[in-house]
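Here is a short briefing for a reader who is meeting this structure for the first time. Please look over the sequence and the model, then read the points below.

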Amino acid sequence: MNNTKRSIKHYFILPSFQLRLIVFIAIVVLIGSIIHIAFLNYVTTKNLSEYFSEKQIEQIWNIISPAITVSNALSFIFISLFLIIVVILVTHKLIGPMLKSTGYINKINSGMIPKDDLKLREGDEGLPLCEAINKMKNKITTHYEQLESIKDSVKEPEIASKLDRILEELRVEK
């Protein structure tokens, strides 16, 4: 576990995905704000028309519309900022472990079996994936060690040669 403080740039793990998600959520909030203003205008005008003349409704609307617009704009800004923070934190906890797991698997795939198990930060999602990767790595390490131990006892030159090639392509970190 690493208890060092992280700067905000460390939370941008996959910026293109995070930015697209932030823009999508901001558009949804903006559309919601526009619908809210339109609905409020419709309901207010409809209800006020029962009690006031058209001219009075226009005057009332001219008085309250700036307040509605400002409150909706502030709501949009605060909700968007809150959602941006949530998106960054949630994607950091989800995408970070996926990228770390991918790097670990790619290292194994390249032929180098890491000595240490894959570890995630406290609070990260993906623990079942991490455990499965560690089990796979341990099984590969066990098979590698078994092949290493029987390599010298193989008398058939062709089989010994193939076994050597296999072991050369796969290495366990010391």
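**Helices, salt bridges and surface**

Helix 1 and helix 2 cross in a right-handed way. The model is a predicted one.

**How the helices pack**

- Helix 1 covers residues 15-48. Helix 2 covers residues 54-109, and helix 3 covers residues 127-151.
- The angle between helix 1 and helix 2 is about 155°, and their axes lie 9 Å apart. Helix 1 is therefore roughly antiparallel to helix 2. The cut-off for that label is an angle over 145 degrees.
- Helix 2 also packs with helix 3, at an angle of about 15°. Here the axes are 11 Å apart.
- Helix 2 and helix 3 are therefore roughly parallel to each other.
- The crossing of helix 2 and helix 3 is left-handed.

**Salt bridges**

- How many salt bridges are counted? The count comes to 2.
- One joins Asp117 and Lys137, whose closest N and O atoms are 2.9 Å apart.
- Is Lys137 buried or exposed? Lys137 counts as buried, because its relative accessibility is 4%. The limit for buried is under 20%.
- Asp117 is partly exposed, because its relative accessible area is 34%.
- Another salt bridge joins Lys162 and Glu158. Their closest N and O atoms are 3.7 Å apart.
- Where is this pair? Lys162 and Glu158 are both in helix 4, which spans residues 157-169. They are 4 residues apart, so about one helical turn separates them.
- Lys162 has 44% relative accessibility, so it counts as partly exposed.
- Glu158 has 52% relative accessibility, so it counts as exposed. The cut-off for exposed is over 50%.

**A nonpolar surface patch**

- Which residues form the nonpolar patch on the surface? They are Leu19, Val23, Ile27, Ile31 and Ile35.
- Together these residues have about 460 Å² of accessible area.
- Ile35, one of the patch residues, is placed in helix 1.
- Ile35 counts as exposed, because its relative accessibility is 52%.

**Two distances to check in the model**

- Ala132 is a residue of helix 3. Its relative accessible area is 42%, so Ala132 is partly exposed.
- Ala132 and Leu118 are 14 residues apart in sequence. In space, their C-alpha atoms are 9.9 Å apart.
- Gly103 belongs to helix 2. Gly103 counts as partly exposed, because its relative accessibility is 39%.
- Gly103 and Phe52 are 51 residues apart along the chain. Their C-alpha atoms are separated by 68 Å.

Definitions and conventions: Residues are numbered from 1 along each chain as its sequence is written. This is a predicted model: local features need pLDDT of at least 70, side-chain atom pairs count only at pLDDT 80 or more; totals for chains, interfaces and linings use all residues. Side-chain values use heavy atoms; hydrogens and water are left out. Patches are made of residues with over 30% relative accessible area and no salt bridge: like charges are joined within 9 Å, nonpolar side chains (Val, Leu, Ile, Met, Phe, Trp, Tyr) within 5 Å. Accessible areas come from the Shrake-Rupley method with a 1.4 Å probe; for residues, only the protein chains shown count as cover. A salt bridge is a side-chain nitrogen of Lys or Arg within 4 Å of a carboxyl oxygen of Asp or Glu. Helices (H or I, at least four residues) and strands (E, at least two) are DSSP runs, numbered from the N terminus. Buried means under 20% relative accessible area, exposed over 50%, partly exposed in between (1.4 Å probe, protein chains only). Axes are lines fitted to C-alpha atoms, for helices over the stretch in contact, and angles run from 0 to 180 degrees between N-to-C directions. Angles under 35 degrees count as roughly parallel, over 145 as roughly antiparallel, 65 to 115 as roughly perpendicular and the rest as oblique. A crossing is left-handed if the near helix is turned anticlockwise from the far one by less than a right angle, and right-handed if clockwise.
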